[in-house]
Amino acid sequence: MATFGAKYIVFAPFAEEPKDTLPSYKAAVEVGQLVKADLTVNLTAGELWANNALAEKIEEFASGTLAVEVDDMTHETESALFGSTLKEKELIDSTGDTIPYGGLGYYKTLSRGGKKYYEACFYPKTKAVMGNDTAQSKASSITFTARPLSFTIYEPQTGEWRYREVFDSEEAAVAYIDGKLKTVTGEDVQ
C-alpha cells in the first residue's frame, strides 16, 4: 500500500461531551485545502524488570499530535478553531480566548494493487494549536508557503481516540467524515 494524497480536513467544535459516549458537535467548518497531515502518537510506557531482565512492558496511548498544513484559512475558520473574536471583518486574538475541543476528520488516497482507495480518518476529541506565521518579500521566483497548525489529539471518555475506514470513492469517504461530525441539530459542513 502506498499513500499519495490528502484532502478535505474539517473541524467541528463540541456541542457537549456526555459521560461514557462520544461527543456531539456543532456545525463543522472546512479548515482549508489540505496540503499535508503528519500524525505523531505519544505513548505512556512502563517497564518491570525482574531477575535482571525485562519481565513486562506496557505502552498505552497518552495523546497525539496531528501537524497539518493547509493552503489558507478564513477568519471565520480561525475563529472556530482558536476561539478568536470576529467583529465584522476584524479577527482579534486575545490571551483570554478559549480554544474549543472538537472533532476532526480528513481522508487520504491509497494505492493497493494499482487501484485507488480512500481512507477516512476521524479524531473525536482534538484541540487546535496555533502555528507560527511568516511573511517573505517577493524575489526573482515565487515560493508558496502553506499555513501550518497542529491539533492535539485527546482520549475521549470512551477511550476510542481514532476511527478509520477505507472506501472505494472520495464521495463515500467525505460522507463518512460528515456523518461522524453530524451535529445535534443535523447541520452539515459549512
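These legends describe close-up views of a predicted model.

Residues are numbered from 1 along each chain as its sequence is written. In this predicted model, local features need pLDDT of at least 70, side-chain atom pairs count only at pLDDT 80 or more, and totals for chains, interfaces and linings use all residues, while side-chain values use heavy atoms, with hydrogens and water left out.

**View 1. Glu-78 in helix α1.** Glu-78 belongs to helix α1, residues 75-82. Helices (H or I, at least four residues) and strands (E, at least two) are DSSP runs, numbered from the N terminus. The relative accessible area of Glu-78 is 8%, so the residue is buried. Buried means under 20% relative accessible area, exposed over 50%, and partly exposed in between (1.4 Å probe, protein chains only). Setting aside neighbours within four places in sequence, Glu-78 is in contact with Met-73, Gly-83, Ser-84, Leu-91 and Arg-147. Contact means heavy atoms within 4.5 Å.

**View 2. The aromatic pair of Tyr-25 and Phe-122.** The structure holds 10 aromatic pairs. In this one, the ring centres of Tyr-25 and Phe-122 are 6.2 Å apart and the planes stand at 85 degrees, so the pair is edge-to-face. Tyr-25 is in strand β2 (residues 24-25) and Phe-122 in strand β9 (residues 115-129), so the pair ties together parts 97 residues apart in sequence. Rings of Phe, Tyr and Trp (its six-membered ring) pair if their centres lie within 6.5 Å; planes under 30 degrees apart count as stacked, over 60 as edge-to-face and the rest as tilted. Tyr-25 has 2% relative accessibility and counts as buried. Phe-122 has 1% and is also buried.

**View 3. Phe-122 with Tyr-163.** Phe-122 and Tyr-163 form a tilted aromatic pair. Their centres are 6.0 Å apart, with 45 degrees between the planes. Phe-122 lies in strand β9 and Tyr-163 in strand β11 (residues 163-167), so this pair links distant parts of the chain, 41 residues apart. Both residues, Phe-122 and Tyr-163, are buried. One aromatic cluster takes in Phe-14, Tyr-25, Tyr-101, Phe-122, Tyr-154 and Tyr-163.

**View 4. Two lysines over the ring of Tyr-101.** The charged end of Lys-125 sits over this ring, 4.9 Å from the centre. The charged end of Lys-127 also sits over the ring of Tyr-101, 4.3 Å from its centre. A charge sits over a ring if NZ of Lys or CZ of Arg is within 6 Å of the ring centre and within 35 degrees of the ring normal.

**View 5. The salt bridge of Glu-170 and Lys-7.** The whole structure has eight salt bridges. A salt bridge is a side-chain nitrogen of Lys or Arg within 4 Å of a carboxyl oxygen of Asp or Glu. Between Glu-170 and Lys-7, the closest N and O atoms are 3.2 Å apart. Glu-170 is in helix α2 (residues 170-180) and Lys-7 in strand β1 (residues 2-16); the pair links distant parts of the chain, 163 residues apart. Glu-170 is partly exposed at 27% relative accessible area. Lys-7 is partly exposed at 45%.

**View 6. The salt bridge of Lys-57 and Glu-47.** Their side chains meet at 3.6 Å, N to O. Lys-57 lies in strand β5 (residues 53-70) and Glu-47 in strand β4 (residues 34-50), 10 residues apart. Shared partners join Glu-47, Lys-57 and Glu-59 into one salt-bridge network.
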